[in-house]
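Hello,

Here is the structure I promised to pass on to you. Please open it beside this email, and then read on for what turned up.

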Amino acid sequence: MSRTEKLQTVLVITAIFIGLALGQISWFSENAVHLIVPALMVMLYGVFLNIPFNRLANAFQNYKVTGLSLVINFLWTPVFAWGLGAIFLRDTPDLWVGLIMLMVTPCTDWYLIFTSLAQGDVALATALLPWNLLLQVILLPVYLLIFTGSLIDIDAAILLESVVLVLVVPMLLAFISKRLIQPQNRILHRLILKIAANQWLFLCVAIAAMFASQGEILIEQPELLLKMLLPVLIFFVINFWLGQIIGRLAHFSYEEVACFNCTTLARNSPIALAIATSTFGERPLIALALVIGPLIELPVMVLVSQSLLRLRHQKGRF
């Protein structure tokens with residue numbers, strides 16, 4: 001992992017405290033909200049620049065891992081997340097919605113790092129990336145209408161507008177940039193490379209702005225955030241062992257199991273956060289719930305990669 005990736009949790013926590021401090025200044029608390037969506041759009045533009053869309057067909061060279069990972073990510077996990085919310089977050093529907101949004105968006109970047117740390121099949125993991133991205137962009141609004149429509153009021157038109165604005169537009173711009181901006185155009189080429197390599201900076205700006213505008217809620221109700229901890233940890237534990245069981249039944253190699261575990265565990269909170277802030281601006285607890293995800297996820301994924309290596313050592317190849 002790069003130094004930035006190792007420090008991502010620290011950087012996010014720092015952004016939270018900076019936002020809380022700036023929120024004590026009335027001008028920042030009133031105007032910071034206008035910075036959130038633009039910062040997330042630039043961040044997602046950088047994410048989409050790194051997505052290898054030319055590898056869409058490669059994923060199905062290993063149809064078992066690809067098919068089963070898509071089933072877990074897009075059929076099992078949404079239902080599982082709804083059930084966890086029904087058990088633990090029934091009295092706080094905004095956190096319940098945030099949990100669902102976090103869990104139905106599989107990761108499209110840093111799970112490659114953990115697949116590599118666990119000595120898994122990184123090439124296969126890379127081939128899965130564009131499918132994880134395209135399906136979550138298409139299905140996220142569907143999941144919101146199906147699983148959260150009874151929890152909060154959702155304006156389908158505003159939801160569709162948000163998806164187009166914060167997901168489709170950056171994706172199209174990234175696709176156009178990769179096609180049209182050649183290395184000979186040094187200034188623009190270096191600029192898009194910088195954006196692609198520094199997504200974390202724009203994420204931290206968005207998080208700081210969010211806490212500057214909505215931090216009072218966290219200060220007044222800190223116990224709400226602790227409610228997210230148990231269901232998120234249960235998600236990771238159960239899905240980890242589910243991945244192990246499926247790997248054995250499907251006769252995956254160790255490298256395939258490591259890839260499978262990582263892609264079905266790591267989540268893509270920035271995409272969910274972008275939709276939450278643009279669609280549910282009047283319900284800040286939904287967005288706050290999504291910020292908790294990376295704080296829990298990073299140390300858990302480090303443990304997952306180390307646990308996979310230990311299991312490999314103890315039991316040999318699958």
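Predicted model: local features only at pLDDT ≥ 70, side-chain atom pairs only at ≥ 80, totals over all residues.

**What was found**

Which residues line the largest cavity? They are L203, I207, S269, P270, L273, L290, V291 and P294. Seven of the lining residues are nonpolar and one is polar, with no charged ones. If you want to find the place by its helices, look at α11 (199-220), α14 (269-279) and α15 (284-315), each of which supplies at least two residues of the lining.

Next, a pair of helices. Two packed helices are described by the angle between their axes and the distance between the axes. Helix α6 (residues 93-103) packs against helix α12 (residues 223-249) at an angle of about 35 degrees, and their axes are 11 Å apart. The crossing of α6 and α12 is right-handed. On the α6 side, the contact is made by L95, L99, L102 and M103, while α12 brings L224, K227, M228, P231, V232 and F235. By class, this contact has nine nonpolar residues, one charged and no polar.

Finally, the aromatic rings: the count comes to eight aromatic pairs. One of them is formed by Y143 and F147, a tilted pair with 6.0 Å from centre to centre and 50 degrees between the planes. Y143 and F147 are about one helical turn apart because they sit four residues apart in helix α8 (residues 122-147).

Enjoy exploring!

Best wishes

Note on methods: Residues numbered from 1 in each chain as written. Heavy atoms only, no water. 1 Å grid on protein atoms, 1.4 Å probe; cavity = no way out; pocket = protein on both sides within 12 Å on 5 of 7 lines; lining within 4 Å. Nonpolar A, V, L, I, M, F, W, Y, C, P; charged D, E, K, R; others polar. Axes fitted to C-alpha atoms, helices over the stretch in contact; angles between N-to-C directions. Left-handed = near helix turned anticlockwise from the far one by under 90°. Contact = heavy atoms within 4.5 Å. Phe/Tyr/Trp six-rings, centres within 6.5 Å; stacked < 30°, edge-to-face > 60°.
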